[in-house]
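Biologist: I have a structure to learn from. Could you show it, and then take my questions?

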Amino acid sequence: MNAARIAEQQLYRKLLAERYGPLDKLEAERYPVAATAPERAAVASEEQWRRQVREIATRYGWELAYHTADSRRSDAGWPDEVFGHITQRRTLFVEFKSDTGRLRPEQRVWLAHLADSGFEVAVWRPRDLHTVLRVLGPAKQRAALPPTFGRSAA
């Protein structure tokens, strides 16, 4: 196993332990979504999840990050966060949701437009931690909208 994969697994274990407690007690690594949806929502709010992903992005060299501090004064639907990795020449638009959160029609329109324009776009929930690490980390996987993403008829 290469050093990048080992580092990714160590970070994943650390983040699981922070969210679910000691791994040996909850077997969080074997069953990362063993908690019911209300329990997960109580553990990580959308804002907590956004901050956690921003910390991961910083660890992996994503030097640029933009988040609208007060979305009430912004146009509806713009993604929660935009990440930029200068050396990889990548820009990533991310909408964060809790495991039970729903996308609004305006958000679907923006996300679909950005994806159709060739940008990397993602909707990330706490249960998507493995994907987050593969996209932001050394694997450099390209972000994509989930297969269940329904486009709005706007």
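Biologist: Which residue forms a salt bridge with Lys97?
Modeller: First, this is a predicted model: local features need pLDDT of at least 70, side-chain atom pairs count only at pLDDT 80 or more, and totals for chains, interfaces and linings use all residues. Residues are numbered from 1 along each chain as its sequence is written, and side-chain values use heavy atoms, leaving out hydrogens and water. A salt bridge puts a side-chain nitrogen of Lys or Arg within 4 Å of a carboxyl oxygen of Asp or Glu. For Lys97 the closest N and O atoms are 3.8 Å apart, and the partner is Glu95.

Biologist: Are Lys97 and Glu95 buried or exposed?
Modeller: Buried means under 20% relative accessible area, exposed over 50%, and partly exposed in between (1.4 Å probe, protein chains only). Both Lys97 and Glu95 are buried.

Biologist: Which residues of strand β2 are buried on the side of Val82?
Modeller: Strands are DSSP runs of E, at least two residues, numbered from the N terminus. In a regular strand, side chains alternate between the two faces of the sheet. In β2, Glu81, Phe83 and His85 are buried on one side. The buried residues on the other are Val82 and Gly84.

Biologist: How many bridges join β2 to strand β3?
Modeller: Two strands pair if DSSP finds at least two bridges between them. β2 and β3 pair in the antiparallel sense, with Phe83 opposite Leu92. The bridges number five.

Biologist: Which residue in the turn between β2 and β3 has a positive phi?
Modeller: The two strands form a hairpin with four residues between them. The phi is about 55 degrees, and the residue is Arg89.
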